[in-house]
Amino acid sequence: MIGRVAFLRNRTQPEYRFALFGRWRELDRIQAEAHPSFGSIGFLTSLIVGMMCGVVMRTGEFVMIQPALNEHAPAWAYTLFLAMSVEIAVMNFFYMICFVMALRSVPLFPRMLLYVWILDVLCQLSIARALAGKDLPPAIGEPLATLLTANLNTVLISAAIWLPYLILSERVNVTFRHRVPSEAPLA
């Protein structure tokens with residue numbers, strides 16, 4: 001709901017463009033929305049659905065890895081619970097904001113997704129650092145290391161696959177940047 005309200009009317013293009021590759025012809029908003037490549041369909045749908053599945057998977061991982069705590073739990077358990085709780089809440093929030101931005105064709109979506117990927121990497125590294133000095137039992141430490149490494153690899157692989165698409169795709173450029181390749185005909 002926060003994302004829907006925040007991006008309901010925000011359709012203006014940012015002043016500075018980060019995706020500088022290629023030769024582009026600018027479209028106004030009406031031309032972009034009338035273009036056949038406008039909208040969240042095709043491969044862009046795969047990215048959007050992938051973000052939703054990632055939220056579900058992360059939440060499931062949290063439920064599976066988090067041990068039950070009582071008043072006699074060691075300090076590392078509370079640190080683990082706090083770190084993982086904050087990470088799951090923050091990352092699920094930001095991935096859902098990206099989801100809403102993509103569905104609403106908000107021009108800042110590609111930038112926001114890049115920001116979220118960077119934040120996700122930093123969260124994984126922060127959890128590892130926060131728990132590095134703790135005396136974790138091997139039954140917890142090894143699966144946690146595997147989980148953090150898998151999450152980190154997932155983010156890096158997702159970025160490696162989707163970043164070129166977000167930069168070069170005609171659909172992404174029409175939908176979020178309101179531009180077409182300079183040699184492409186107008187719709």
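Glu-87 counts as buried, at 5% relative accessibility. Here, buried means under 20% relative accessible area, exposed means over 50%, and partly exposed is in between (1.4 Å probe, protein chains only). The structure is a predicted model, where local features need pLDDT of at least 70, side-chain atom pairs count only at pLDDT 80 or more, and totals for chains, interfaces and linings use all residues. Residues are numbered from 1 along each chain as its sequence is written, and side-chain values use heavy atoms, with hydrogens and water left out.

Which residue forms a salt bridge with Glu-87? The partner is Arg-58, and the closest N and O atoms are 2.9 Å apart. This pair links distant parts of the chain, since Arg-58 sits in helix H3 and Glu-87 in helix H4, 29 residues apart. A salt bridge is a side-chain nitrogen of Lys or Arg within 4 Å of a carboxyl oxygen of Asp or Glu. Side chains of opposite charge can pair when their charged atoms come close.

## A network around Arg-58

Arg-58 also meets Asp-120 in a salt bridge, with 2.9 Å from N to O. Arg-58 lies in helix H3 and Asp-120 in helix H5, so this pair ties together parts that are 62 residues apart in sequence. Together, Arg-58, Glu-87 and Asp-120 are linked in a network of salt bridges. Arg-58 is buried at 11% relative accessibility, and Asp-120 is buried with a relative accessible area of 0%.

The whole structure holds three salt bridges. One of them joins Glu-33 to Arg-29, with the closest N and O atoms 3.1 Å apart. Both residues lie in helix H2 (residues 29-34), four residues apart, or about one turn of the helix. Glu-33 is partly exposed, at 40% relative accessible area, and Arg-29 is partly exposed too, at 42%.

## The overall fold

The protein has seven helices and two strands. Helices (H or I, at least four residues) and strands (E, at least two) are DSSP runs, numbered from the N terminus. Read from that end, the elements run α-β-α-α-α-α-α-α-β. Of the 187 residues, 43% count as buried.

The largest pocket has a volume of about 350 Å³.

On a 1 Å grid over the protein atoms alone, a cavity is a set of points where a 1.4 Å probe fits but cannot get out, while a pocket is an open set with protein on both sides within 12 Å along at least five of seven lines; lining residues have an atom within 4 Å of a point. Grid points are joined across faces, edges and corners, and a volume is the space filled by probe spheres set on the points.

## Cysteines

A search of the whole structure finds zero disulfides (a disulfide is a pair of cysteine sulfur atoms within 2.5 Å). Cys-98 is buried, with a relative accessible area of 0%, and Cys-123 is buried at 15%.
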